[in-house]
Amino acid sequence: MALNLKVNIARPDDFYEELIHMQRDLSEDDVQLMNAKLILILSNHIGDQETLSEAIRVARG
Amino acid sequence: MLNTYTWPEYPYIQSEEQKNSTVKRHPVVIIGAGLIGLTAALDCAQRGIAVVVLDDNNTVSIGSRAVCYAKRPLEIWDRLGIADKMVQKGISWNLGKVFFKEDLAYEFDLLPEEGHKMPAMINLQQYYCEEYLVEEVLKYPDLIDLRWKHKVISLAQHEAYTSLQVETPDGVFSLESDWTIACDGANSGVRDMVHAEFTGQFFQDRFLIADVVMKADFPTERWFWFDPTFHKNQSALLHKQSDDVWRLDFQMGWDADPKEATKPENVIPLIQAMLGHGTEFDLEWVSIYQFACRRIDKFRYGRIFFAGDAAHQVSPFGARGANTGLQDIDNLAWKLKMVMDGQAPDGLMDSYHEERAFAADDNLMNSTRSTDFITPKNRASRYFRDAVLELSKKYDFARPLVNSGRLSTPTPYLHSSLNTADEDDFAGKMAPGTNCADAPIRVAGKKAWFLNLLGDGFRLLVFGEAPAVSEITYGGISAKVMTAGNDFEDKDGLLTTRYDGADGTVYLIRPDAHVAARFRAFDPAKITAALARATGQKEE
C-alpha cells in the first residue's frame with residue numbers, strides 16, 4: 001500500500017474546521033496530548049508499516 | 001538495615017604455585033566468580049575441562065543485582081543440574097500490571113505455554129544463585145580450582161597463551177592460561193587490559209533501588225507505574241523476591257543527589273507513599289544507579305573471551321543482563337571444548353562473537369526501546385508516551401505499544417554461519433539457529449523432558465522410522481541419533497507438533513540445544529555436511 005498524497009478527503013473545509021474546533025478550548029498541553037493520540041489512532045488504522053514509514057519521512061520533510 | 005541473608009565468607013587459600021614461585025600453565029582461567037564465571041566453570045568442568053577461577057572478592061554478590069531469571073537460562077542451569085534448587089527457592093510469576101497515574105492501564109499474563117519443564121520466569125536474589133553455584137562448583141575439586149581474593153592486575157597475550165599477573169593477600173604472582181574467559185562484570189578490568197572498546201548509549205537518569213522485607217499481602221505480580229500520584233512524573237516498580245523481600249525501583253531523574261536520595265529519612269517516606277501508610281516494612285538494601293546500554297566491540301580478543309556484563313551492559317528493564325550472560329556461556333563452552341580437543345578448528349571460536357554479539361545487539365535494541373518509553377528524552381516523546389498510556393486504558397490497539405520492559409527471551413541465531421539453510425518447508429518455530437523447545441516425553445514408560453535427553457553433545461532427532469545408523473561422524477565429532485517412538489515416546493504429541501515432525505524429519509541439534517539444520521529425510525551426506533558446518537570445519 002503506497003502512501004496516498006493525492007486528494008482523498010471529500011470535504012476538506014469540514015474536516016479542517018472539525019480538527020481546529022476540537023482543539024480550540026484546550027490548553028497547549030492538552031492539544032499536544034490530543035495530537036499524539038490522534039497520530040497513534042490513525043497510525044493503527046493504517047497499520048501497514050511501509051505506509052507509516054513513508055508518512056513519517058514525508059512529514060519530517 | 002535488616003538482613004534476611006547472611007553473606008558467606010569463603011576462605012582465601014594461597015595457591016601452591018604462588019607459594020613455590022612456579023609459573024604454571026592452565027588450560028582455562030576464568031576471571032570473576034559471579035553468576036557468569038561460576039556457570040562457565042561448571043559448564044567447562046562437566047565437559048571435562050580443568051579450570052582455575054579467580055575472584056578479587058571472597059563472597060557472593062552484595063546488594064540488589066539480578067532478580068528475574070527466564071526460562072532459557074533456567075534450562076541451561078538445568079543442563080548443569082542446578083536449576084531445581086533455583087526454581088524451588090525462587091518465586092514463579094506470570095502476571096504483570098501497568099498503572100498510569102492513579103489507574104490500572106492494563107494487565108498482562110506471560111501465559112507460559114504448557115509442556116515445558118522450566119517456568120517462564122522466576123525471581124530470586126542474585127546472592128542465592130551465586131551461593132548455590134559455589135556449592136555446586138565445590139563438588140568438582142579435581143576440575144575447578146576456585147580461588148578467592150585473587151585479583152588480576154595485568155596480562156600479556158602471546159600466540160599460544162596468556163600470562164596473567166595476579167595479586168593476592170600474599171603478594172603478586174604470575175600464571176598462564178591457554179584460554180581465558182573474562183566474566184569480571186560491567187567494569188571489567190580485563191576489557192581495559194586488552195584495550196577493547198565498550199561503547200553505546202548512556203542515559204541521563206537515576207534510579208533508586210530499595211529491597212524491603214514485608215509480610216504485606218501484595219500479590220506475586222510485577223507492578224509498574226508510570227507517573228504515579230505517589231511519585232509524580234517518574235516511574236516505579238514493585239516485584240516480589242524470595243524470603244518476603246520485595247524489589248522497589250523508583251525513577252529519580254538526572255538531578256537527584258545520590259547521597260541525599262538514599263538517606264533513610266528520604267527513602268522511607270517514598271516507600272510509605274507507594275505501599276500505603278501503615279504497611280510495615282524493613283529496609284534491606286538501598287542504592288542508586290544510572291545505566292548505559294553498550295557492548296564490547298569484539299567478544300573475542302585472541303585467546304580471551306568476554307562474557308556477561310564484561311561484554312554487554314543493558315538497562316534493567318526486561319531482565320536482560322544476567323539472562324543474556326548465561327546464554328553467552330552456553331554458546332562458548334562446547335565450542336571451546338571441541339577446539340581444545342583438536343576436533344574443531346580455531347575458527348569455530350569466532351562464531352562465539354558472531355552469535356553472541358548478534359544476541360547482544362538484539363538485547364541492546366530492546367533495552368534501549370524500553371528505556372526510551374520509560375524515560376522519554378524530550379517533551380514530544382513524553383506526549384506520545386502519555387498518549388499511549390491513556391489510550392491503553394480503553395483501547396486494545398495501544399496496549400502492545402506500552403513498554404515497561406520487554407522481558408528477556410533468547411535471540412535465535414538466524415543468520416549464523418554455523419546454520420545450514422532449510423531446503424524444505426517447516427511449520428513452527430524451530431528454524432536453524434533457534435534454541436530447542438522443550439516438551440514432555442516418556443523414556444521407558446517414565447515421564448521425562450526432551451531437553452534433559454539431549455545431554456551435552458550433538459544429537460540427531462529423528463521422527464518416524466529409525467535410520468540404519470546410530471550416529472553420524474565428521475572429523476571426530478559425532479552426532480548421536482535419537483528417534484521418537486524408539487528411544488523415547490512422544491506420548492502427548494507436543495514434541496512432534498513443536499518440531500513439525502512429519503515422518504522422516506531429522507534435526508541436527510548442537511550441544512547448546514540449538515537447531516543447526518533440519519531435513520525431511522535422513523540423508524547421511526547432507527547431515528555430514530551440516531555437522532561439518534556447525535563445527536566450523538570445511539568439508540573435505
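Trainee: How far apart do the C-alpha centres of domain 1 and domain 2 of chain B lie?

Mentor: This is a predicted model: local features need pLDDT of at least 70, side-chain atom pairs count only at pLDDT 80 or more, and totals for chains, interfaces and linings use all residues. Residues are numbered from 1 along each chain as its sequence is written; chains are lettered from A and ligands numbered from 1 in the order in which they are written. Chain B splits into domain 1 (16-91 + 111-200 + 296-354) and domain 2 (440-534), with bounds from an automatic or database domain assignment. The distance between the C-alpha centres of these two domains is 29 Å.

Trainee: Which element gives the largest share of the side of domain 1 of chain B that touches domain 2 of chain B?

Mentor: Twelve residues of domain 1 of chain B are in contact with eleven of domain 2 of chain B; contact puts C-beta atoms, placed from the backbone, within 7 Å. On the domain 1 side, α3 (71-79) and α9 (321-340) of chain B are the elements that give two or more residues. Helices are DSSP runs of H or I, at least four residues, and strands are runs of E, at least two, numbered from the N terminus. The largest share, four residues, comes from α9(B).

Trainee: Are α2(B) and α5(B) roughly parallel or roughly antiparallel?

Mentor: The axes, lines fitted to C-alpha atoms over the stretch in contact, come within 10 Å for helix α2 (residues 35-46) and helix α5 (residues 126-137) of chain B, and cross at roughly 25°. Angles run from 0 to 180 degrees between N-to-C directions; under 35 degrees counts as roughly parallel, over 145 as roughly antiparallel, 65 to 115 as roughly perpendicular and the rest as oblique. So α2(B) and α5(B) are roughly parallel.

Trainee: Which residues of α2(B) make the contact with α5(B)?

Mentor: α5(B) brings Q126(B), C129(B), E130(B), L133(B), V134(B), E136(B) and V137(B). From α2(B) come L35(B), L38(B), T39(B), A41(B) and L42(B).

Trainee: Is S21(B) buried or exposed?

Mentor: S21(B) sits in the loop between α1 (16-19) and β1 (25-31) of chain B. A residue is buried with 20 or more other C-beta atoms within 10 Å of its own, exposed with 12 or fewer, and partly exposed in between. With 8 C-beta neighbours inside 10 Å, S21(B) is therefore exposed.

Trainee: What value is phi of H195(B) near?

Mentor: Most residues other than glycine have a negative phi. H195(B) lies in the loop between α6 (189-193) and β12 (198-202) of chain B. Its phi is positive, near 60°.

Technical notes: Two residues are in contact if their C-beta atoms, placed from the backbone, lie within 7 Å.
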